[in-house]
Amino acid sequence: MDKKEKNVLTLLEATSDDVDLVGGKNASLGEMITELTPKGVNVPGGFAVTSTGYWKFIEENEFMNELEKIFEDLDTDNISQLQKIGKKARDLIMSGTFSEELKNDIIASYRDMCEKYEMDNVDVAIRSSAVCEDAPDASFAGQFETFLNVSGEKEVLEKVKECFASAYNDRVISYREEKNVPHLKFAVSAGVQKMVRSDKASSGVMFTLDTESGFRNAVLINSIWGLGEMIVQGGITPDEFYVFKPSIKKGAENPIIRKDLGRKTKKYVYGKKGGLKEEKVDEEEQLKFSLSDDEIQTLAKWAMIIEEHYQRPQDIEWAKDGQTGELFIVQSRPETVHAPEEKKSYKEYKVFTDKKPLVTGIAVGSKLGIGKVKVIKDVANMDQFEDGDVLVTEMTDPDWVSIMRKAAAIVTDEGGKTAHASIVGRELGIPTIVGTENATEVLSTGQEVTVDSTQGSTGRVFEGKIDYEVIEHDLGEIPELKTNILMNIGTPEAAFKHSFLPNDGVGLARVEFILAEHVKVHPLALHDFEDLEDADLKEKIAQITVEHEDKKEHFRKELAEGVGQIAAAFYPKPVLVRLSDFKTNEYRNLVGGELYEAEESNPMIGFRGASRYMDEQFRPAFEMECQAMKRVRETFGLDNVNLMVPFCRTPEEGVEVLKIMSKYGLTRDKMDIYVMTEIPSNVILVDEFSEHFDGFSIGSNDLTQLTLGVDRDNGKLKDLFNENDPAVRRTIEKFLWEAHEKEKPVGICGEAPATTEGFIEFLIACGIDSISVNPEAIIKTFEEVDKHEK
């Protein structure tokens with residue numbers, strides 16, 4: 001019999017050519033079983049009730065005329081009418097009966113599965129797979145029905161029929177209308193697949209790119225305890241992992257460049273009478289990652305195999321069987337938000353406010369929206385929502401889509417980057433913030449707010465209307481230059497996005513933001529944790545470092561992951577990481593800092609930079625920093641990282657610092673080690689410094705300050721702080737000439753090129769090798785350098 005005539009196909013029979021017969025979901029499963037199982041990718045077996053079977057069901061029950069009447073007066077903008085039409089259509093489908101032929105075909109296929117898995121009534125997942133559901137230009141995950149932990153012939157038949165009925169879910173009708181898909185030429189295939197017992201282990205979603213930026217060199221994995229429905233519903237915040245693809249390819253020791261522990265307070269497990277039930281997760285389990293490093297790497301490798309097979313980015317669901325310990329891929333569909341893009345421009349949002357946000361959460365979509373809050377906790381109250389409102393709710397599911405598309409912004413209490421609210425917000429281009437924990441309690445209906453998801457991974461909701469500016473950079477015509485144009489990066493979460501700007505690498509990767517926002521605790525307080533006497537302080541540190549029994553590992557992990565994310569974003573271009581340059585007052589602001597840091601009258605010229613690394617008391621902190629940098633290069637495989645020593649007053653200090661670094665394999669034969677040029681002694685003794693370092697980077701802020709004797713933090717002296725002062729210019733000109741005599745490259749990473757008129761022209765005339773500026777100035781810098789080079 002020809003495939004197209006069959007009511008049922010085994011997944012082994014289905015291929016990517018059979019989308020019109022079994023839908024995108026089932027065709028992809030069949031394709032993976034046939035083509036990717038030999039490559040080590042595990043996919044559970046099963047069968048699909050075809051669109052042929054669906055149309056026979058409609059025809060044999062004589063439903064077409066009735067459906068035509070039901071849809072005569074459809075108006076999807078009228079939510080009440082949409083709900084009535086949807087219910088009528090679903091009730092009609094559920095009133096139908098299977099013909100003997102169709103029923104027998106389904107039962108026979110189910111019995112074959114029972115025999116294969118040696119079970120009387122094998123437990124299966126039944127998922128709707130519709131033609132056009134996962135077309136390359138759209139992917140509304142969860143639009144159609146899925147039924148888990150189904151067993152027995154009667155239940156299987158009932159759930160297949162419910163899959164058919166889900167073709168007329170309110171959200172599906174609305175979705176088809178938007179995509180101009182005819183309602184009555186639309187078939188559903190029901191996929192029946194062996195359940196993976198992830199109720200006894202973990203499950204989740206992964207993407208073969210970064211969902212927010214479209215960065216293609218990373219696999220993003222989200223993971224939770226129990227069955228995966230919880231993750232899509234957004235009921236919790238999942239564990240999150242980033243795996244760097246090039247490091248996998250070259251066999252790095254551990255290519256996992258970031259691991260964030262989620263808030264996994266509940267999970268779905270098998271119900272006693274079928275279906276699912278919700279359970280609390282033990283507190284001890286909440287504090288554990290739901291995947292091991294080996295499992296994360298296995299999933300990432302499978303994701304890359306799947307992406308390579310389909311030749312486009314993928315959105316993949318996976319599950320771990322708690323009975324066998326095996327991992328499985330249970331779905332793969334094309335990623336549709338970033339995949340079609342060819343980035344010809346780059347949008348940057350500047351937000352002007354000193355206000356403290358009302359709530360914060362996980363930013364989705366890199367957009368900004370302003371409107372009046374509408375707190376809606378129940379889908380039954382959707383009719384209260386008006387166009388342009390800010391939807392605030394606990395979490396969303398597909399029933400919310402009809403009002404989500406009208407929202408100025410979406411804010412939820414629960415969820416992560418792969419929750420339903422995130423997927424829909426991203427697809428519709430609506431600013432979205434998920435996982436706020438308390439938005440429904442803090443925000444009030446009628447309150448005007450600004451929802452900002454443009455500034456990295458943390459989304460913010462502000463009271464009132466906040467001023468902002470959108471700058472659109474044209475990426476089409478970037479000139480080729482002799483001078484390298486590099487970028488200053490301090491926030492790891494923004495690195496993937498900034499990597500799309502034209503650049504020759506990173507000329508200044510700052511670690512200070514990582515220390516303040518990710519580590520949060522003074523490194524010596526972590527080193528001395530067991531000996532701390534202040535019980536309240538120990539409790540505060542314990543809460544911040546909950547992942548780690550060894551508190552020193554908190555420092556190493558957070559610093560390595562922050563630097564690793566920046567290095568991965570620009571790989572294989574060089575990334576110059578400036579070692580920590582916090583001043584005493586800044587270290588003092590970290591948790592526990594007051595125990596270790598004195599108050600200095602002028603921290604700018606105080607205990608900072610190289611002299612701090614050499615200090616006997618502080619040295620354990622610097623050694624932890626060296627261990628973190630070694631992890632980035634050797635464990636993560638990010639060998640594009642070079643290091644830079646800041647505020648090095650004498651060549652002797654430089655030698656001592658290099659000795660400490662060498663104990664951890666951070667040596668000049670493996671990488672370039674630069675020194676900052678920010679003190680007059682660096683200029684005067686350029687010959688001696690050249691003997692010990694591979695290059696120089698001018699810090700124009702400090703060099704100007706110390707050349708002119710001006711405190712740049714003193715407002716009364718602001719007019720004297722001038723990088724164009726002849727003394728500063730002559731100092732830089734002299735330094736460049738003498739460093740080049742020693743064949744040492746010289747760059748600049750201060751703010752002067754971007755903020756001081758005529759400075760770029762001066763630098764080009766002096767023969768500067770590279771200019772590193774903040775992301776917002778990089779396009780302008782390319783243009784300026786091109787003009788002056790010509």
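This is a predicted model: local features need pLDDT of at least 70, side-chain atom pairs count only at pLDDT 80 or more; totals for chains, interfaces and linings use all residues.
Guide: In strand 24, Leu-508 is the bridge partner of Asn-488.

Visitor: How many bridges join strand 23 to strand 24, and do the two run parallel or antiparallel?

Guide: As a general idea, the strands of a sheet pair through backbone hydrogen bonds, in either a parallel or an antiparallel manner. Here, strands 23 and 24 run parallel and are joined by three bridges. Strand 23 is also joined to strand 30 (residues 770-773), again in parallel, by four bridges. Within that pairing, Ser-770 in strand 30 is the bridge partner of Asn-484.

Visitor: Which strand is joined to strand 24 by two bridges?

Guide: Strand 25 (residues 575-578) is joined to strand 24 (residues 506-509) by two bridges, and the two run parallel. Ala-509 stands opposite Val-577 of strand 25.

Visitor: In what order do the eight strands close into a barrel?

Guide: The order is 23-24-25-26-27-28-29-30, with parallel pairing. From one strand to the next, the twist averages 30 degrees.

Visitor: Why may strand 23 be described as largely enclosed by the rest of the structure?

Guide: Strand 23 spans residues 484-489, and five of its six residues are buried, so the rest of the structure largely encloses it.

Visitor: Next, the charged side chains. How many salt bridges does the count give?

Guide: Side chains of opposite charge can pair when their charged atoms come close. With a cut-off of 4 Å between a side-chain nitrogen of Lys or Arg and a carboxyl oxygen of Asp or Glu, the count for this model is 47 salt bridges. One of them is formed by the side chains of Lys-56 and Glu-101, at 3.2 Å from N to O. The pair links distant parts of the chain, with Lys-56 in helix 2 (residues 51-60) and Glu-101 in helix 5 (residues 100-116), 45 residues apart. Lys-56 is partly exposed, at 24% relative accessibility, and Glu-101 is likewise partly exposed, at 43%.

Visitor: Which parts of the chain does the salt bridge of Arg-631 and Glu-553 tie together?

Guide: The side chains of Arg-631 and Glu-553 meet at 2.8 Å, N to O. Arg-631 counts as partly exposed, with 22% relative accessibility.

Visitor: How far apart in helix 27 are Lys-734 and Glu-738?

Guide: They are four residues apart in helix 27 (residues 726-741), which means a separation of about one helical turn. Lys-734 is partly exposed, at a relative accessible area of 38%. Elsewhere, salt bridges that share partners join Asp-550, Lys-552, Glu-553, Arg-556 and Arg-631 into one network.

Visitor: Which residues of helix 2 are buried?

Guide: Ser-51, Thr-52, Gly-53, Tyr-54, Phe-57 and Ile-58 are buried in helix 2. At the start of this helix, a side-chain oxygen of Thr-50 comes to within 3.3 Å of the backbone nitrogen of Thr-52. Just after helix 2, Glu-62 has a positive phi of about 55 degrees.

Visitor: Finally, a loop residue. Is Asn-254 buried or exposed?

Guide: Asn-254 is buried, with a relative accessible area of 15%. It is located in the loop between helix 9 (245-249) and strand 9 (256-260). The side chain of Asn-254 reaches the backbone nitrogen of Ile-256 at 3.1 Å. Apart from neighbours within four places in sequence, Asn-254 is in contact with Asp-293, Gln-297, Thr-635 and Phe-636.

How values were computed:
Residues are numbered from 1 along each chain as its sequence is written. Side-chain values use heavy atoms; hydrogens and water are left out. Buried means under 20% relative accessible area, exposed over 50%, partly exposed in between (1.4 Å probe, protein chains only). A polar contact is a pair of N or O atoms within 3.5 Å; within protein, one must be able to donate a hydrogen and the other to accept it, and residues adjacent in sequence count only if both atoms are side-chain atoms. Contact means heavy atoms within 4.5 Å. Two strands pair if DSSP finds at least two bridges between them. Axes are lines fitted to C-alpha atoms, for helices over the stretch in contact, and angles run from 0 to 180 degrees between N-to-C directions.
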